[in-house]
Amino acid sequence: MADEALFLLLHNEMVSGVYKSAEQGEVENGRCITKLENMGFRVGQGLIERFTKDTARFKDELDIMKFICKDFWTTVFKKQIDNLRTNHQGIYVLQDNKFRLLTQMSAGKQYLEHASKYLAFTCGLIRGGLSNLGIKSIVTAEVSSMPASNEIKEV
């Protein structure tokens with residue numbers, strides 16, 4: 001439980017630190033999300049390297065996505081993805097109905113515009129993990145109601 005609280009605090013401080021530096025003129029405001037995603041990318045690469053060192057090779061892309069939804073997500077966020085959907089043409093939608101990084105925020109619609117700040121690191125985390133498994137991807141996040149989150153991965 002303590003490690004989860006530390007992760008949530010670290011993530012919140014990371015997001016606020018990047019945006020505070022943007023307010024002081026060190027970083028352009030539009031680059032903040034890119035900076036957070038790049039941080040997540042590097043962390044995702046390292047985590048996947050550590051998590052897969054003793055696992056068997058994956059058969060296909062769907063097996064990799066199942067690994068991301070079950071093992072990777074469980075290790076990082078202490079729960080599995082609630083729903084994985086695919087069109088079998090390279091687009092996967094990962095749905096988390098109680099995403100831990102958004103549960104601290106109010107469920108009000110006024111916070112929807114700030115959700116992208118808190119999802120950028122996670123998008124990078126998934127993209128970095130997939131990159132280390134040999135899959136080039138575009139990962140985007142979509143929030144229609146708080147604290148639910150959809151991570152969309154395209155090959």
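**How are H2 and H5 oriented to each other, oblique or roughly parallel?** Let us start with that pair and then move on to rings and charges. This is a predicted model in which local features need pLDDT of at least 70 and side-chain atom pairs count only at pLDDT 80 or more, while totals for chains, interfaces and linings use all residues. Residues are numbered from 1 along each chain as its sequence is written, and side-chain values use heavy atoms, with hydrogens and water left out.

**View 1. Helices H2 and H5 in contact.** Helix H2 (residues 32-51) packs against helix H5 (residues 115-132) at an angle of about 40°, and their axes are 6 Å apart. H2 and H5 are therefore oblique to each other; angles under 35 degrees count as roughly parallel, over 145 as roughly antiparallel, 65 to 115 as roughly perpendicular and the rest as oblique. Axes here are lines fitted to C-alpha atoms, for helices over the stretch in contact, and angles run from 0 to 180 degrees between N-to-C directions. The crossing of H2 past H5 is right-handed, meaning that the near helix is turned clockwise from the far one by less than a right angle. In the contact of H2 with H5 there are 11 nonpolar, 10 polar and four charged residues. Helices (H or I, at least four residues) and strands (E, at least two) are DSSP runs, numbered from the N terminus.

View 2. Glu37 and Arg127 form a salt bridge, with their closest N and O atoms 3.0 Å apart. The term requires a side-chain nitrogen of Lys or Arg within 4 Å of a carboxyl oxygen of Asp or Glu. Glu37 counts as buried at 19% relative accessibility (buried is under 20% relative accessible area, exposed over 50%, partly exposed in between; 1.4 Å probe, protein chains only).

**View 3. The salt-bridge network of Lys79, Asp82 and Asp96.** The whole structure holds three salt bridges. Lys79 meets Asp82 with the closest N and O atoms 3.2 Å apart, and the Lys79 side chain also meets that of Asp96 at 2.6 Å, N to O. Lys79 lies in the loop between H3 and strand S1 (83-86), and Asp96 in strand S2 (residues 91-96), 17 residues apart. Both Lys79 and Asp96 are buried, whereas Asp82 is partly exposed at 40% relative accessibility.

**View 4. Aromatic pairs around Phe51 and Phe58.** Rings of Phe, Tyr and Trp (its six-membered ring) pair if their centres lie within 6.5 Å; planes under 30 degrees apart count as stacked, over 60 as edge-to-face and the rest as tilted. This rule gives five aromatic pairs. Phe51 and Phe72 are edge-to-face, 5.9 Å centre to centre with 65° between the planes. Phe51 lies in helix H2 and Phe72 in helix H3 (residues 61-77), so the pair ties together parts 21 residues apart in sequence. Phe51 is partly exposed at 23%, and Phe72 is buried at 1%. Phe58 and Phe67 make a tilted pair, 5.2 Å centre to centre and 55° between the planes. Phe58 is partly exposed at 26%, while Phe67 is buried at 8%.

Terms used:
Nonpolar A, V, L, I, M, F, W, Y, C, P; charged D, E, K, R; others polar.
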